Amino acid sequence: PMRRACSRASRLQQLIAVETPTMDMVIVHCKGDLAWLKGLSLPPTLHIWVYLKCPTQPLPRFCSKLSCVDAGHLDAEPGRGGCTASDECGGYLLHIRQMYAHLAEWTIFLQDDAPRHLHL
């Protein structure tokens, strides 16, 4: 379903030939497998923001091939150490707070295991 939606969006953009809106995909990641992103036909204007909720988790390897931004760890507040537990909603709200003045026209908020949650 996600692959078809991304493919349709890309085709529609080509057909209507209008200015491409800014788009962000926000993923809160810990240990989920992000390989599902490789199979998607993503628009070149899409920026992928990965918020890491596990402090020892490195940025996923696939990010070297996509326009992926290491948005940092959710517990990385200046002057604070340790881990502050957070869930996906905390990552989404952090993104909105940090990017409020520069939010994309379209933002997709996903969990790192998004395909498991799609029931289409």
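Biologist: Where does leucine 103 sit in this protein?
Modeller: In this predicted model, leucine 103 is found in the loop that runs between helix 2 (88-99) and strand 4, where helices (H or I, at least four residues) and strands (E, at least two) are DSSP runs numbered from the N terminus.

Biologist: Before I go on, what should I know about the model and the numbering?
Modeller: Residues are numbered from 1 along each chain as its sequence is written, and side-chain values use heavy atoms, with hydrogens and water left out. As the model is predicted, local features need pLDDT of at least 70 and side-chain atom pairs count only at pLDDT 80 or more, while totals for chains, interfaces and linings use all residues.

Biologist: OK, the overall fold, then: how many helices and strands are there?
Modeller: There are three helices and four strands, and going along the sequence they follow the pattern α-β-β-β-α-β-α. Of the 120 residues in the protein, 33% are buried.

Biologist: Back to helix 2, what about glycine 90?
Modeller: Glycine 90 belongs to helix 2, and it is partly exposed because its relative accessible area is 23%. Although glycine 90 and lysine 53 are 37 residues apart in sequence, their C-alpha atoms are 9.3 Å apart in space.

Biologist: And serine 7, which element holds that one?
Modeller: Serine 7 lies in helix 1 and is partly exposed, with a relative accessible area of 26%. Its C-alpha is 8.7 Å from that of proline 43, a residue 36 positions away in sequence.

Biologist: New topic, which residues lie nearest the centre of the largest pocket?
Modeller: Those are Ala5, Cys6, Ala9, Met23 and Ile108, out of 18 residues that line the largest pocket. The lining takes at least two residues from each of helix 1 (2-16), strand 1 (23-29) and strand 4 (106-111).

Biologist: Which element gives the largest share of that lining?
Modeller: Helix 1 does, with five residues.

Biologist: And how do the lining residues divide by type?
Modeller: The lining of the largest pocket holds 16 nonpolar residues, two polar ones and no charged ones. Here nonpolar covers Ala, Val, Leu, Ile, Met, Phe, Trp, Tyr, Cys and Pro, charged covers Asp, Glu, Lys and Arg, and the others, Gly among them, are polar.

Biologist: What counts as a pocket?
Modeller: On a 1 Å grid over the protein atoms alone, a pocket is an open set of points where a 1.4 Å probe fits, with protein on both sides within 12 Å along at least five of seven lines, and lining residues have an atom within 4 Å of a point.

Terms used
Buried means under 20% relative accessible area, exposed over 50%, partly exposed in between (1.4 Å probe, protein chains only).
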